[in-house]
Amino acid sequence: MRVIFTLLSLVIFGLSGCSSKSVQEPNSVLIEQSDDDELDSFSDEMEVKEIYDPLSGYNRIMTSFNDGAYEYVLKPVSTGYANALHKEIRISIDNFFNNIYFPMSFVNNILQGKFCYAGQEGARFVVNTTVGIAGLFDPAKSYFEIEAHKEDFGQTLGFYGVGSGPHIVLPLLGPSNLRDLAGMYPDSFLTFIDYDERSYWTLTDTPPEYIGAKSFEYINYISLNKERYEKMREDAVDLYPYLRDIYEQRRNKLIEE
């Protein structure tokens, strides 16, 4: 009875007093986590704002490397993976990984003073972990209409006025910048996926397990979203500055929200 009361309390708290607008987590990945409408908006309304890019030479080379890795490795692997697993199964796997990143979103919402959004993230985690069977399903959204409000430490730094610094393209992971790269380290302590043992339970606790879990998550994500990257490749006259500008504008938009 106490568990049920706690669950209902969290759901009620998560539903009350907050905007229902969803804020997606823009992980620094090869395929930017933007929906098609956002991509059209960014491409049609590019802000005339200079981006600090002293590493442009390296960034161009790494963008070409990432694009080649996508075309000749990630795309065929993810296509074969998609043919082997039904889309609904892959969506459930994606839901599972999103759910286990709850501590990162919860803590960063609190650090930014977004306590109501933190409450919604808490409600989502409890509902999806229980009713949603370890996060494989998202009843928090489909039944209780509790949207995700995901935040990371890069956004928290930006919220407090830390500039983005130079733009950096990461191997395989794609566009980032110095602020967001620095934010990955504290965020790594707020996930259940790790390459070392901790004092609390984690899904992985050795480097091979970590690499395997992250690779699985990445291939699963690409299998669900490769059309977005294909669209960006088609729209771009010059791929590197196109991806760079979309990434920086989206990060700025998320920080402003």
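Which residues in α3 meet which residues in α10? In this predicted model, the α3 side of the contact consists of Asp 67, Tyr 70, Glu 71, Leu 74, Lys 75, Val 77, Ser 78, Thr 79, Tyr 81 and Ala 82. These meet Phe 216, Tyr 218, Ile 219, Asn 220, Ile 222, Ser 223, Lys 226, Tyr 229, Glu 230 and Arg 233 in α10. By class, the contact of α3 with α10 comprises 10 nonpolar, four polar and six charged residues.

The geometry of this pair was also computed. Helix α3 spans residues 56-84, and its axis comes within 9 Å of that of α10, with a crossing angle of roughly 120°. Because angles of 65 to 115 degrees count as roughly perpendicular and those over 145 as roughly antiparallel, α3 is oblique to α10. The crossing of α3 past α10 is left-handed.

Helix α10, which covers residues 207-235, also packs with helix α11, formed by residues 239-256. The axes of α10 and α11 lie 9 Å apart, at an angle of about 125°; α10 is therefore oblique to α11. Here α10 passes α11 in a right-handed crossing. On the α10 side, the contact is made by Tyr 229, Met 232, Arg 233 and Asp 235, while α11 contributes Leu 239, Tyr 242, Leu 243 and Ile 246. The residues of this contact of α10 with α11 divide into six nonpolar and two charged, with no polar residues.

Within α10, Tyr 229 and Arg 233 are listed in the contact with α3 and also in the contact with α11.

Key
Residues are numbered from 1 along each chain as its sequence is written. This is a predicted model: local features need pLDDT of at least 70, side-chain atom pairs count only at pLDDT 80 or more; totals for chains, interfaces and linings use all residues. Side-chain values use heavy atoms; hydrogens and water are left out. Axes are lines fitted to C-alpha atoms, for helices over the stretch in contact, and angles run from 0 to 180 degrees between N-to-C directions. Helices (H or I, at least four residues) and strands (E, at least two) are DSSP runs, numbered from the N terminus. Angles under 35 degrees count as roughly parallel, over 145 as roughly antiparallel, 65 to 115 as roughly perpendicular and the rest as oblique. A crossing is left-handed if the near helix is turned anticlockwise from the far one by less than a right angle, and right-handed if clockwise. Contact means heavy atoms within 4.5 Å. Ala, Val, Leu, Ile, Met, Phe, Trp, Tyr, Cys and Pro count as nonpolar, Asp, Glu, Lys and Arg as charged, and the others, Gly among them, as polar.
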